[in-house]
Amino acid sequence: MTAQPLLDVHDLTIEFTTRRGIVKAVQHVNISVAKGETLGIVGESGSGKSVTSYAVMRILDRAGRIAEGSVMFSGIDVKAASENEMRDLRGREISMIFQNPRAALNPIRKVGDQIEDVLRQHVQSAASDRGEKAIEALEQVKIARPRERYHAYPFELSGGMCQRVVIALALACNPQLLIADEPTTGLDVTTQKAVMDLIVELTKRRHMSTILITHDLGLAAAYCDRVVVMEKGRVVETAKSADIFARPEHPYTRKLMRATPRIGVSLRDLLPEEEVALSSASPRLRGEADARSAAGEGDSPQTALAETAPHPDPLPAGGERKQKPLLLVEKLVKEYPRQGAGALLSKLFSRKPPVEAEVFRAVDGISFTVGHGESVGLVGESGCGKSTTSMMVMRLLDQSSGRIAFDGEEIGAILPQAFARLPQRKSIQMVFQDPTDSLNPRFTAARAIADPIMQLGNIRGRDALRARCEELAGLVGLPVNLLDRFPHQLSGGQKARVGIARAIALHPKLVILDEPTAALDVSVQAIVLNLLQDLKASMGMSYLFVSHDLNVVRLLCDRVIVMRAGRIVEHGSSERVLGDPQDGYTKELLTAIPHPPLPV
Amino acid sequence: MLTMIGKRLMFAIPSLIGVVIVTFLLTRALPGDPAAYFAGPAASKEAIEQIRKKLGFDKPLIEQFFRYTNDLAHGDFGTSLTTGQPVATEIRNRLPASAELTLLGLIVSITIAIPLGVLAATRPGSWIDHLCRVTTTAGVSLPVFFTGLVLVYVFYFRLGWSPAPLGRLDVFYSAPAHVSGLYLIDALIARDFETFRSALSQLILPAATLAIFSLAPIARMTRASMLAVLASDFVRTARASGLSPSTVIVTYAFRNAMLPVITTLSMVFSFLLGANVLVEKVFAWPGIGSYAVEALISSDFAPVQGFVLTMAVMYVLLNLFIDILYGVIDPRVRLEG
């Protein structure tokens, strides 16, 4: 690069003052962005990628400060600039879009007014046509009926729509640099594609530079010219995105690449080289694991999984047992009144019977089975009814009609409140999406794991309970010395292990996994997925795996059910559905996934 | 909007009926014989019995209740045994006195507490944050009768700046023509600025006492709520778009932070309105709280029932008002109306 870069971050070190002293979140980072270039910053949580971008805009919170180094933006020294100068830069020269678009907008202000606030601040137009400008900005991000949407509040818009508004807000003043901080995390894969395509189209047309901050290597590979990989506050590798995926040089980059689920790999392939060896050698994985990792290297992963899945079933493998599925769901329907709380009130006051159109079918007559020792993936985008289905199977929610049979017994008619007292409760357990929110913050890890045993189990006495907790901790690979810690003292992966240990504490036959790895970094996800696979093999459990991530489903599940708007659009073996999709929607989902180039 | 108000008022009817029943039963269950109290310590047994008959207390409870509700339906709250005045008239005279005092106290409190809370939240750890903390702690930990007495001692007895704490007006002034019942407003309407000044000077000390006490919850809530909102994502977005600090704090943070503050305000207001007996006592204020307590002590049923019912209606109206205000501020609430 001969030309002066638009943004030049040189030897940047950022410190945070915390109760435990000064923490260096970013150390000696060098990043430059040329005019019109798209730069990806990739790293896992805690790598300092967001903090770096906040420093560029100087919106670090009170505790953070730029300790060393410089940030130059088209000749302006950001570190030395006055607050007034910075305010002019923000929004007009450098803008930012954030993760979680719904929270990034003022909930009680019309989106049009929020765009106008930015236009007014940077005196981009006369007061008279500011409204028109705002509508134009909405139009540019391809929001249908912008004139109406101008008066909408964020809660009236979908997640993808909110992100478009945030983009409109960021681009309203034609900035030179756009920083996108995980712009599509939490969005559905098809929405993600639409939003990313929009960002690229708009920035390319305006010759803007973009920094894309993401944890998703596939996304960075698909959309960036160059990629910077960060680990623990340091830049470990910078290269052209084609090169970095073909020839990752730094071991951390290689580890990240390995851990990213993608076509043509097995679960074992996700683990770092040294850990594959380790886990194969570990005594609790003897047998099945060895067999599978050996098979996984040669054969295609799906066949490897398919072969091993029925094999470890420890149940008496009688013929009729095999034929009867563990879980049978038939014509399951869940209806909700369309208007929520308001409808309930009006029902009290009007005698009119509810009209058919007022009912919203979240789950619309679906039927499927889960066999013994089988894992079935339930896939779809948000709002497709996959979580509602899992809640009904879990008996946390009553269905409107249809039947659910578990292990030969009807459980669909049992009210959710009553189910908690029945023996079947023990046999169906759940691992929740957010490992942090699903743990009681005032319970230690041991207490959390012991909770179901104390409620439903038959282990009595302190020492016996403790021994069982330690045994379970061993099973999920949680160091025993962490058992007395509280959730906030554990890492994301450790919390996920606690959640899994809690779910398997009562030897369930069916475990419902509700996006168990969605909140985890890829490297942690790789480990947790492998753990789940090993546990299934050794304990003979069945999984109902609810997820929006097709690549993850491909790795863990024998069969896949694709749902859309409450109905099943396609089902079959993972290999078949994801390798050769028949339904248009499945195809759309698959093509929307950004793929990193395969490592050589 | 109107249907929502109508609905809310309809939902309030069952609770008001409940209030009527419970207060009726509770006053009957209280120890003490109102007939004996009314007859005086020297009365003979026959005299007491006669009074009881006259008051209708010899009838079965259910009959008493029906007579009471029948009277209520006709707008008759009964007559106080101790003062001989109809309860409705007394409450009508005393409620504005309490309302005026409480409102002024609350206005003073809000004008100090909310800016204090906002400033403390935007500058955590600064001197103003510490000032906020000290003021609120002091305000809430000093009992109102104590602050009231200290204020009287300093400003009336020592400095002589304020008039004697003897009610709503100096003895030399007469009350302005009754319009709203609030002397300040009525005096302004009558363009009687002398009376206005006098009423205000009588109000300042008790209002200040209330303000000091109610400062704490409002300032605390404002600070906490502002801190939470300032840490939220949309404030970061606003900062990242280069909006000026005043826009960020006022338009983005403050309006969002207002919601819990308003809830606190309504709670503080309804608490102060009926429960500041101590302040009313210290300043000889002819308010509704002291009226109710005196009636309760002398087993005088009618005023107690009238008071509880009035307060219940006030609560219903206040809550309705707060809900409407919520809807004005937060569009998400409006949806469910």
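## Contact between chains A and B

Two residues are in contact if their C-beta atoms, placed from the backbone, lie within 7 Å. In this predicted model, 28 residues of chain A are in contact with 21 residues of chain B. On chain A, at least two residues of the touching side come from each of helix 2 (83–89), strand 6 (94–97), helix 3 (101–104), helix 4 (111–121) and helix 17 (341–349). Helices (H or I, at least four residues) and strands (E, at least two) are DSSP runs, numbered from the N terminus.

By class, that side of chain A has 16 nonpolar, 7 polar and 5 charged residues. Ala, Val, Leu, Ile, Met, Phe, Trp, Tyr, Cys and Pro count as nonpolar, Asp, Glu, Lys and Arg as charged, and the others, Gly among them, as polar.

## A helix pair in chain A

Helix 23 (residues 492–504) and helix 24 (residues 522–539) of chain A pack with their axes 10 Å apart, at an angle of about 20 degrees. Axes are lines fitted to C-alpha atoms, for helices over the stretch in contact, and angles run from 0 to 180 degrees between N-to-C directions. The two helices of chain A are therefore roughly parallel to each other (angles under 35 degrees).

The residues making this contact include A:Ala496 and A:Ile500 of helix 23 and A:Leu531 of helix 24. By class, the contact has 10 nonpolar, 2 polar and no charged residues.

## The end of a helix in chain B

Helix 13 of chain B is followed by B:Ser299, whose phi is positive, near 50 degrees.

## Numbering and confidence

Residues are numbered from 1 along each chain as its sequence is written, while chains are lettered from A and ligands numbered from 1 in the order in which they are written. Local features need pLDDT of at least 70 and side-chain atom pairs count only at pLDDT 80 or more, whereas totals for chains, interfaces and linings use all residues.

How values were computed
Angles under 35 degrees count as roughly parallel, over 145 as roughly antiparallel, 65 to 115 as roughly perpendicular and the rest as oblique.
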